[in-house]
Amino acid sequence: MTFGGQSRSLWTAIAFIPILLVAIAALQQRIDAQTSTIAKEQEELLVRSGRVAKNLSLGYDSLLADVYWTRAVQYYGGRVGLPGATFDLLWPLLDVTTTLDSHLMPAYRFGAIFLSEQGEVGAGRPDLAIELVKRGIAANPGEWRLQTDLGFLYYWRVRDYKNAAAAYWQASKNPAAPVWAKLMAARIAQKGGSIETSRMIWSELYESTKDPNVKKIAAQQLLSLKAQDDQAHLDKLAAEYAKRFGHDPASIQDMVAAGLLTGVRRSRRIRLRARARREIAFKSKQSYGHRAARRSRSPLDPQSRRPFARFLVTSRGSRGNENPLQ
Amino acid sequence: MSALTAVVAINTFREAVRDRVLYNLVLFALVMIGAAILVGQISIGIDRLVIINLGLSAISLFGLVMAVFIGVGLVYKEIEKRTLYSLLAKPIGRQQFLVGKYAGLLLTLAVNTALMTIGLAGALFYVGRPFMRSDLSILVAVYLILLELALVTALALFFSCFSTPMLSTLFTLGIYLTGSFAADLREVGDLTRSPLLKGFMRALYYLLPNFHNFNAIAVAAHGETIPFSLVAQNTLYACAYVTVVLLAAAAVFSRRNLK
């Protein structure tokens with residue numbers, strides 16, 4: 001074949017390149033369709049150890065961490081919301097990512113969400129999420145956001161109010177942290193039953209804040225805590241009352257009357273009723289006293305079975321200290 | 001393939017052997033022997049898995065290094081040494097020369113791969129495991145690696161037609177790496193909300209050589225069967241892509257001024 005002939009046949013062949021490219025794309029589609037099921041079965045992470053991956057990265061560990069983080073996002077994104085989706089490789093991917101680059105904040109923050117979400121939208125492993133965030137805190141102690149993330153996980157995912165409050169409190173110690181970290185710490189401590197911790201945080205907040213709204217909230221919460229204290233005290237007294245009289249008190253006044261509760265300012269209606277009762281008692285004292293004398297029993301005997309007399313005895317001395325907060 | 005092309009191919013193979021290219025087999029043998037001895041000492045139950053994984057990975061890696069570093073010098077070296085002029089003065093076309101060079105390197109890689117496969121079989125035999133029918137998937141995986149190397153060689157040859165070895169190496173490795181992550185490119189496009197970017201990524205996915213297609217190492221290591229239809233499709237894919245790249249190389253080389 002001559003050179004010219006060869007050249008012509010070459011250019012004719014080159015004209016077929018677009019057809020070949022279309023054929024390549026079609027073949028790729030067929031290969032994809034066939035390998036998609038195999039790929040799902042064979043999906044695995046060859047390097048699961050972050051330390052090994054770091055050694056293999058030859059100094060490009062930060063870049064490799066970005067690659068692993070991208071893969072983690074794609075892995076999560078490709079499964080989230082699918083019926084029966086599992087996220088078995090999520091933790092190894094995040095583990096390798098954060099080992100390769102311990103300062104990669106998105107990996108800790110978003111990774112914790114991916115891990116802690118339940119059902120088809122996450123791995124349902126709040127324990128691993130907490131471990132991941134704790135690892136982030138250890139590597140980045142100045143990041144208050146990780147502390148609040150930890151608080152969030154404890155509060156919402158595992159309902160561990162004590163640790164949640166501690167995490168938010170720890171976050172609030174960072175000068176860069178917003179004031180709500182302290183608010184959250186106080187609220188969660190209150191919700192979790194740590195009244196003293198909550199009172200301490202609210203008091204500290206009340207003293208330190210310059211924001212009038214926050215100050216007002218803190219004052220309200222301190223009053224609320226006081227109310228909780230009082231409620232607990234009343235419950236205790238009611239139990240004491242029930243123990244003493246064999247039945248629960250019908251009202252606060254019963255406990256006041258029983259002398260268990262002091263310092264309660266009674267309402268005007270109750271005060272008037274009490275005064276009327278005293279007057280009746282006073283008026284009937286003589287005749288009743290006479291009858292009692294006949295039976296050799298004091299009309300003011302607390303052991304008397306007559307309730308009115310008992311009321312007179314037990315209600316004595318209940319007035320005087322009228323501070324409602326005591 | 002014409003007789004002239006075959007002559008070029010055989011001489012390319014001879015040249016590679018004279019250049020002690022096959023000495024890499026010594027290194028491969030050392031790796032396999034070391035792995036076969038060590039794995040049994042430090043691990044339990046995964047000796048076969050490690051030997052297959054390591055062996056197939058080494059075959060792929062050694063072959064890749066050879067394909068790239070020899071491929072990028074195939075044409076450039078001939079021009080630099082001026083041996084191309086005396087060759088083209090004979091009744092041989094530039095396209096025949098290119099195809100001959102390509103076939104010669106492919107033959108070298110095939111021989112190298114075949115010898116390494118024998119080494120892998122020896123290592124598997126050493127770890128005390130009888131060969132089974134499922135081991136055929138190892139041979140299929142080796143064949144797919146060879147297809148991958150054929151594609152890499154074509155790319156290296158293409159760049160060698162108009163660029164220096166250094167740049168050709170960078171271009172070839174760049175395309176190899178991008179092609180290995182082609183599926184990720186498509187997924188990135190799917191995750192974006194921009195239809196333009198999605199379309200671009202999808203086009204890129206189909207345009208780039210998808211080297212991930214040829215990776216069956218994990219499947220072979222687990223002794224699973226690779227469907228024949230998949231092997232056939234991959235063969236067609238590799239042939240079509242190699243044809244496109246060689247045509248492009250021929251187009252570039254035929255217009256190159258060698259004066």
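Guide: First, a term: helices (H or I, at least four residues) and strands (E, at least two) are DSSP runs, numbered from the N terminus. This is a predicted model: local features need pLDDT of at least 70, side-chain atom pairs count only at pLDDT 80 or more, and totals for chains, interfaces and linings use all residues. Residues are numbered from 1 along each chain as its sequence is written, while chains are lettered from A and ligands numbered from 1 in the order in which they are written.

Visitor: OK, chain B. In what order do its elements run from the N terminus on?
Guide: They run α-α-α-α-α-α-α-α-α-α-α-α. That is twelve helices and zero strands.

Visitor: How much of chain B is buried?
Guide: Of its 259 residues, 42% are buried. Buried means 20 or more other C-beta atoms within 10 Å of the residue's own, with C-beta atoms placed from the backbone.

Visitor: Switching topic. How do H7 and H8 of chain A cross?
Guide: H7(A) covers residues 126–139 and H8(A) residues 144–157. Their axes come within 9 Å and cross at roughly 165 degrees. The two helices are therefore roughly antiparallel, a word used for angles over 145 degrees. Axes are lines fitted to C-alpha atoms over the stretch in contact, and angles run from 0 to 180 degrees between N-to-C directions.

Visitor: Who makes that contact?
Guide: A:Ile130 and A:Val133 of H7(A) are among them, as are A:Leu150 and A:Leu153 of H8(A). By class, the contact has eight nonpolar, two polar and three charged residues.

Visitor: And H12 of chain A, how far does it reach?
Guide: H12(A) has 34 residues and reaches 48 Å from first C-alpha to last, close to the 50 Å expected. The expected span is 1.5 Å times one less than the number of residues.

Visitor: Which of its residues are buried?
Guide: A:Ala218, A:Gln221 and A:Tyr241 are buried in H12(A). Their cover includes H10, H11 and H13 of chain A.

Note on methods
A residue is buried if 20 or more other C-beta atoms lie within 10 Å of its own, exposed if 12 or fewer, and partly exposed in between; C-beta atoms are placed from the backbone. Two residues are in contact if their C-beta atoms, placed from the backbone, lie within 7 Å. Angles under 35 degrees count as roughly parallel, over 145 as roughly antiparallel, 65 to 115 as roughly perpendicular and the rest as oblique. Ala, Val, Leu, Ile, Met, Phe, Trp, Tyr, Cys and Pro count as nonpolar, Asp, Glu, Lys and Arg as charged, and the others, Gly among them, as polar.
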